[in-house]
Amino acid sequence: MKMNKIIAGICLAGIASSTFLSCSKLTEEPYGIVNSNSFYKTADDALSGLIYAYAILPEVGYYSRGYYIITELPTENLTAKSDAGQANFELEQLRTTSTNSDLDNLWTYMYRGIARANAVITNVPNVPNMPDADRNQIIGEGYFLRALHNFNLVRLFGEVPLRLEPLVEAEQIPVAKSSISDVYDVIIADLKRGEELMSAAKNFEGRANRVAAQALLSKVYLHLASAKASGSVGYDFVANSDEMYNEALRYAGKVINDQQVFNFTDVLPDIWNTEVYKNAAVSEHIFDAAVDRSGEREGNYSKLPNMFLPDPGFVMTIPYNPSDPNTETINIGRGWNHFQMEAHHYNSYNASDKRKTDLIVSEVINPDGNVIQFGINDFSRPFTRKFIDPLRDADKMSTNSPVIRYSDILLVYAESAGPTTEAYAAVNKIRNRAGLGPLTPNLSPAAFREAIVEERAFELAFEGNRLFDLRRTNSMEKVLVEKYGKSITSGAYFFPIPQREIDSNPLIQP
């Protein structure tokens with residue numbers, strides 16, 4: 001069951017920065033403050049409210065486009081096409097301002113998502129005649145979603161307003177920024193509550209379960225641990241990095257050892273084929289922002305692949321699995337050439353790394369059957385095949401945006417543990433799939449953790465993790481400036497809060 005295929009006539013409270021939002025149908029954007037108490041009357045209402053909360057994730061302004069603009073362009077992974085616009089290049093060149101429209105857009109969507117999650121958390125406990133298991137699952141998913149939005153906010157902006165109640169009257173709009181510490185306290189409490197309430201069973205595609213809460217908790221604790229250990233800006237409040245590493249290890253261990261519904265995928269292209277993994281008994285995708293090409297509007301389906309695909313002037317065909325001599329070829333269409341891979345990233349791979357040879361496309365077949373090569377400095381450059389739908393319907397694609405993958409948590413486990421036998425086994429499992437030898441043995445804890453962060457750069461490339469990995473390890477200048485020759489004027493460790501929020505929220509101080 002795809003989350004975005006369910007259409008419900010519901011009206012719930014929403015918030016875009018400090019603009020009032022409302023809705024008349026699930027497929028419309030919310031405009032205006034609405035009393036959602038008049039809606040949550042039945043178990044079906046509760047489920048519809050939850051689906052509405054999920055529906056924000058694959059919107060264009062969030063995980064179907066905006067999130068990747070903001071998390072990938074500032075790194076060494078991607079640049080934007082020459083006519084991409086000022087906001088994109090402010091991000092790419094790390095000279096962001098409070099008037100950056102891309103930042104304002106994502107801020108809006110994250111707080112809109114928080115408002116929808118708050119409506120679920122507040123109202124579903126009072127819905128009569130619901131089985132306890134169903135009620136708990138829905139409330140737990142609401143807590144998970146609120147934690148995810150707040151985790152994104154605090155990593156992007158630092159001190160931000162905490163909104164923990166549905167917005168039902170104008171007097172609730174002014175909210176001061178909370179400390180980074182307080183935001184993390186809420187995130188951790190929400191995820192632990194979600195872990196307690198949700199089932200461990202694999203849920204419908206695009207919905208969270210207990211394992212997703214545990215996985216996100218492991219990422220939260222690792223962020224706190226490494227930010228404290230590295231002296232990253234804003235994390236002095238963390239008392240003990242070793243305690244945080246231990247908690248990250250504990251929760252990553254739960255994901256790796258205590259469940260059977262998510263696990264490793266051996267064939268790299270299969271990880272990204274929704275037709276394969278959504279029907280598999282075991283999937284590497286712990287949580288995605290899910291879409292469906294049969295949807296009626298963008299946000300139900302995705303156009304995200306077009307951001308990564310070049311436009312060489314013809315429809316492109318590529319081998320499905322370059323490592324398999326008997327592989328079929330697939331038609332991948334043509335894209336917008338918006339995201340262009342940087343030479344910094346492309347040239348950093350080991351030549352035998354399958355994450356380059358199998359997941360980065362440097363040659364395609366044109367309609368005449370000729371092989372066309374793309375150079376890393378060409379207009380049409382090599383591109384990632386992570387966001388490709390082999391069954392695309394024109395510009396409508398089933399390309400789920402990965403939020404948490406099993407291999408991500410394997411690397412969280414390894415980094416948190418340090419150079420133990422189990423940690424080496426975790427990272428070497430990933431390296432073996434990539435066709436590489438084992439990681440250098442007998443590394444010191446610091447060198448081992450640095451190697452894991454580097455491994456994440458290859459394994460999780462273009463998935464929205466690299467910026468946060470550089471920030472939490474206090475490495476923005478070391479990597480982007482000293483290693484790759486980029487410049488940083490502003491926005492290194494936290495982006496500025498959007499000016500529209502500052503102007504409309506009198507308790508926000510710039």
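**Around alanine 414**

Modeller: Alanine 414 counts as buried because its relative accessibility is 0%; buried means under 20% relative accessible area, exposed over 50% and partly exposed in between, using a 1.4 Å probe and protein chains only. Before we go on, please note that this is a predicted model, in which local features need pLDDT of at least 70 and side-chain atom pairs count only at pLDDT 80 or more, while totals for chains, interfaces and linings use all residues. Residues are numbered from 1 along each chain as its sequence is written, and side-chain values use heavy atoms, with hydrogens and water left out.

Alanine 414 belongs to helix α14, residues 406–417. Helices (H or I, at least four residues) and strands (E, at least two) are DSSP runs, numbered from the N terminus. Leaving aside residues up to four places away in sequence, alanine 414 touches Ala423, Ala426, Val427, Phe448 and Ile452; contact means heavy atoms within 4.5 Å. Valine 453 is 39 residues from alanine 414 in sequence, with 10.0 Å between their C-alpha atoms.

Valine 453 takes us to the largest pocket, being one of the residues closest to its centre, along with Glu450, Thr473, Ser475 and Lys478. The volume of this pocket is about 470 Å³. To find pockets, a 1 Å grid is laid over the protein atoms alone: a cavity is a set of points where a 1.4 Å probe fits but cannot get out, whereas a pocket is an open set with protein on both sides within 12 Å along at least five of seven lines, and lining residues have an atom within 4 Å of a point. Grid points are joined across faces, edges and corners, and a volume is the space filled by probe spheres set on the points. The lining has 18 residues. Elements that give two or more residues to it are α7 (210–230), α16, α17 (466–472) and α18 (476–483). The most comes from α16, with 6 residues.

Let us stay with α16. In the loop between α15 (421–433) and α16 lies asparagine 442. Its phi is near 60 degrees, a positive value in a residue other than glycine. Asparagine 442 counts as exposed because its relative accessibility is 75%.

Next come the aromatic pairs, of which the structure holds 21. Rings of Phe, Tyr and Trp (its six-membered ring) pair if their centres lie within 6.5 Å; planes under 30 degrees apart count as stacked, over 60 as edge-to-face and the rest as tilted. The rings of phenylalanine 144 and phenylalanine 287 are edge-to-face, because their planes are at 70 degrees, with centres 4.9 Å apart. The rings of tyrosine 349 and phenylalanine 458 have centres 4.9 Å apart and planes at 50 degrees, so that pair is tilted. This second pair brings us back to α16: phenylalanine 458 is in that helix (residues 445–459), while tyrosine 349, 109 residues away, is in the loop between α12 (343–346) and α13 (354–357), so the pair links distant parts of the chain. Phenylalanine 458 counts as buried at 13% relative accessibility, and tyrosine 349 counts as buried at 7%.
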